[in-house]
Amino acid sequence: MTVRVVVADDQALVRTGFRMILAAGGVDVVAEAATGAEAVDAVRRTRPDVVLMDVRMPEVDGLEATRRILTGAAAAPRIIILTTFDLDQYVYAALAAGASGFLLKDVTPEHLVAAVRMVQDGDALLAPAITRRLVRRFARPDPHTVTVHRDLATLTPRETEVLRLLAGGLSNAELAGALHLSEATVKTHVARILAKLGLRDRVQAVVVAYETGLVSPGSPDD
């Protein structure tokens, strides 16, 4: 199945380069955007599967564009944040808003194409260690988030344990080893956690775990 992508970046050379790389990898770039506002319009017009979103753009930045695209959308695209920094508070904010991961702009062509296909398939694009570092640096317990996610109480004890370990940066294989479960069982637990909490992917689950205080920076699980 062809993946349909919108590329949003204020540098024409970056957009052109990404378009060429994606086209060579069998990915269809259906629109380009130079501002966040253009990105929002392009998504509404073309209904892509994935958006490559630069953080810093004029008029409307990538963070606000991400919020506008994902807020209240029943079938929103997956959003990958593009950045020149590997740890950036704007990247964290975008992840909290629902982005599925981030890439550095110097990503290799092979990794770019693989990343687009990965998030289109529903996976989160963020190494567990990077997720942990980002959240530890920027997440703070938020009373509002605790209120919104009172449905943490709907998780079974096992699901709560899985979420806590997931927030510590463990991969599915590591979770399976720590809990003496099969990877298939772990995937089922993760899927149920996401469904119960109304989350898009495991990146958002990590954010919620920290912002609700289930896990805190410096805790034994972290």
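Start with Thr212: the backbone oxygen of Ala209 sits 3.4 Å from a polar atom of the Thr212 side chain, and the backbone oxygen of Val208 lies 2.7 Å from a polar atom of that side chain. Thr212 itself is in the segment after H11 and counts as buried, because its relative accessible area is 14%. (Buried is under 20% relative accessible area, exposed is over 50%, and partly exposed is in between, with a 1.4 Å probe and protein chains only.)

This is a predicted model, where local features need pLDDT of at least 70 and side-chain atom pairs count only at pLDDT 80 or more, while totals for chains, interfaces and linings use all residues. Residues are numbered from 1 along each chain as its sequence is written, and side-chain values use heavy atoms, with hydrogens and water left out.

**The chain overall**
- The chain has 11 helices and five strands; these are DSSP runs numbered from the N terminus, with helices being H or I of at least four residues and strands E of at least two.
- Of the 222 residues in the chain, 48% are buried.
- Take the contacts (heavy atoms within 4.5 Å) between residues at least 6 apart in sequence: 68% of them join residues at least 24 apart.
- The chain's accessible surface is about 10,400 Å², and carbon and sulfur atoms account for 53% of that; the areas come from the Shrake-Rupley method with a 1.4 Å probe, and for residues only the protein chains shown count as cover.

**Strand S1 and its partners**
- S1 (residues 4-8) is mostly covered, with four of its five residues buried.
- S1 pairs in parallel with strand S2 (residues 28-33) over five bridges, where pairing takes at least two DSSP bridges between two strands.
- From S1 the chain crosses through helix H1 (residues 12-24) to S2, and this β-α-β crossover is right-handed; that is, with the strands pointing away from the viewer, the path from the first strand over the helix to the second runs clockwise.

**Asp54**
- Asp54 is in strand S3 (residues 50-54) and counts as buried because its relative accessibility is 5%.
- An unreviewed UniProt entry annotates Asp54 as "modified residue: 4-aspartylphosphate"; UniProt positions are in the numbering used here, feature names are shortened, and annotations may be inferred rather than shown by experiment.
- Skip the neighbours within four places in sequence, and Asp54 is in contact with Ala8, Asp9, Asp10, Gly62, Leu82 and Lys105.

- The buried residues of H8 (residues 157-167) are Glu159, Thr160, Val162, Leu163, Leu165, Leu166 and Ala167.
- Their cover includes helices H9 (172-179), H10 (183-197) and H11 (202-211).
- After H8 comes Gly169, with a positive phi near 95°.
- Over in helix H10 is Ile193, which is buried, with a relative accessible area of 2%.
- Leaving out neighbours within four places in sequence, Ile193 is in contact with Leu155, Glu159, Val162 and Leu163.
- Ile193 and Glu159 are 34 residues apart along the chain, and their C-alpha atoms are separated by 6.5 Å.

Key. Polar contact = N/O pair within 3.5 Å; in protein donor to acceptor, adjacent residues only side chain to side chain.
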